[in-house]
Amino acid sequence: MHVAKGYPAAIALLALAACGGGGSGVGGGGGGGPPPALSVTDMTPANGATGVSRRGNIVLTFSTTLDPQSFRVNTVSLVGANDEPPFKATAFSATAVDNKLTITPDDALSPALGYRVTVGAEVRGARGEALSAPVMLSFTTADREWQTPTRIEPVGPTTVERPRVVVDRDGNAIAVWQRRDAATRAVWSNRYVRGAGWGTAVQISKVESTETNAALPEIDVDASGNATVVWEQSDRGVSRIWSNRYTAGTGWGTASVIQSSASTTGDGRVPHVAVDASGNALAVWTQFDGGIFEIWSNLYSGGAWGTPVQVETNPGSADSARVAFDFTTGRAFAVWTQGVATCLCVWSNQFTLANGWGTPRLIATATAGAAFLPQIAVDGFGNAHAVWTQSDESERSAIWANRFTAGGDWGTAVMIDDNTSGSGPPKIFVDSNANAYAVWEQASPNERGATIRWNRFESGTGWGAPGRVASATDAASGTGGNPAIAVDGDGVAHVVWEHDDGVQVRVRSSRLLPQSSEWAAAMDAHNTDSAAE
């Protein structure tokens, strides 16, 4: 018998096994009395089981052959059962052969989550046997675990720095990094294919001289798995912005300069890139021109890079540009730091394919100190979040934020940490429900070194109270720094950071489940030597 896929499944059973003509001899048989009750004799996994495989089947064994006609819509359901509704319906298919009902989820179940299977009381055995009540099976899936670390770049007497990684919607990843060999530095890449693992690393930058220095790669990937990489590269004393593209199914192209000489009078530095759902890429960078640093940009569209344009025309020097595309609206937001008069502040500008760049807006004013190192993220609903580090008159730094509301404008900047001690540069990520998560490192007066802190913007509520990511069981003697954050498709937030335990620097992580405010206990990612970035 086959149960059609459902969400939960709409039941439609087709006989695949004989259900009559001799049967099993259970029930029936001409005695005239009621048939025996239908019951479940075995459950896999067992009711109440924990640590259940996220990819295994769920099998219920009944006391006799099942009647396919007794299954109707919603007879069987599979939901992720949190403590409070709404529960998460899970798509699945099911097959019934003789007295076994096998439920196969369409995708791997969520980690460390309670699930509930329900089989309705209307289910009957082949001879009319009846359930006395609905069948309930509850279990909890196994948590994710860090695997064995894998080296993804060639062995050699090299120095490797600045790794960056992106993951497409199919679970494939592309990593890039800078690697020094002898006197030259180049940008390398490797690709992870879901189910197969990492491939062979390749150099994606072009060595133009014995002095080539390709550095600071940044990468983004579109909905189809095509990736764009940008970096700064100096040759014979001149620094320019370069790019290369990975095309799904084809591979890497040829590296090329995207900072054209027709519009360039000075060095290009520290690029950043974002792509939209259609594969357009937008790069921003700092460029020395006319005695000051300015913010410039170029657009990849229609299979080619265009002509670079200036993003802002303010009189002061600018740097630290970052850009993010909104996949839904096609609008991009850039942020940067700029010194205008006595203010080292954060500015922003918006880009659309139809109109290009708009008018820069001041979104952070540090009248008594400085605002710097901004980050930007968009939520898919037309809203944008910017975060940055800002110092006060005492030179103590804190984390600040501002939000652009869809259909509106930037709001008023707010402090999102507790301002009890110096805070390092923040990172920000938004989930599919328009919530934003910020993390940063912060000096702790009562502890040695820095700890990892966080705050969350909840849609419809705003920023909450800042807290600590690492739990109280984290080594108090260690120091933490350089955090990064991402939110997966199940709404689980993940933070990784460097943790110096006094012996070596370890990669550590923690996880925050949806609608929770308590991070899981910090865990090591199993690096065997000191690690960074």
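Student: Does Ser320 count as buried or exposed, and why?
Tutor: Before we start, keep in mind that this is a predicted model. The general idea is to compare relative accessibility with a cut-off: buried means under 20%. Ser320 has 19% relative accessibility, so it counts as buried.

Student: Where is Ser320 found?
Tutor: Ser320 belongs to strand E26, which covers residues 318-325. Look at its backbone too: phi of Ser320 is positive, about 60°, although the residue is not a glycine.

Student: Which value does phi take at Asp98?
Tutor: Phi of Asp98 is near 55°, again a positive value in a residue other than glycine. Asp98 sits in the loop that runs between strand E7 (92-97) and strand E8 (100-105).

Student: Let's turn to peptide bonds. Is the bond from Thr44 to Pro45 cis or trans?
Tutor: Omega is the angle to read. From Thr44 to Pro45 omega is near 5°, and the peptide bond is cis. You will find Pro45 in the loop between strand E2 (40-44) and strand E3 (49-52).

Student: Next, Gln233. Is this residue buried or exposed?
Tutor: Gln233 counts as buried because its relative accessibility is 0%. Its place is in strand E17, residues 227-235.

Student: Which side chain makes a polar contact with that of Gln233?
Tutor: That of Asp235: a polar contact of 3.2 Å joins the two side chains. Leaving out residues up to four places away in sequence, Gln233 also touches a set of others, among them Ser205, Lys206, Glu208, Arg240 and Trp242.

Student: How many residues along the chain separate Trp519 and Val469?
Tutor: They are 50 residues apart along the chain, while their C-alpha atoms are separated by 5.8 Å. Val469 is also one of the residues that Trp519 touches, not counting those up to four places away in sequence; others include Trp454, Arg468, Ala493 and Leu512.

Methods. Residues are numbered from 1 along each chain as its sequence is written. This is a predicted model: local features need pLDDT of at least 70, side-chain atom pairs count only at pLDDT 80 or more; totals for chains, interfaces and linings use all residues. Side-chain values use heavy atoms; hydrogens and water are left out. Helices (H or I, at least four residues) and strands (E, at least two) are DSSP runs, numbered from the N terminus. Buried means under 20% relative accessible area, exposed over 50%, partly exposed in between (1.4 Å probe, protein chains only). A polar contact is a pair of N or O atoms within 3.5 Å; within protein, one must be able to donate a hydrogen and the other to accept it, and residues adjacent in sequence count only if both atoms are side-chain atoms. Contact means heavy atoms within 4.5 Å.
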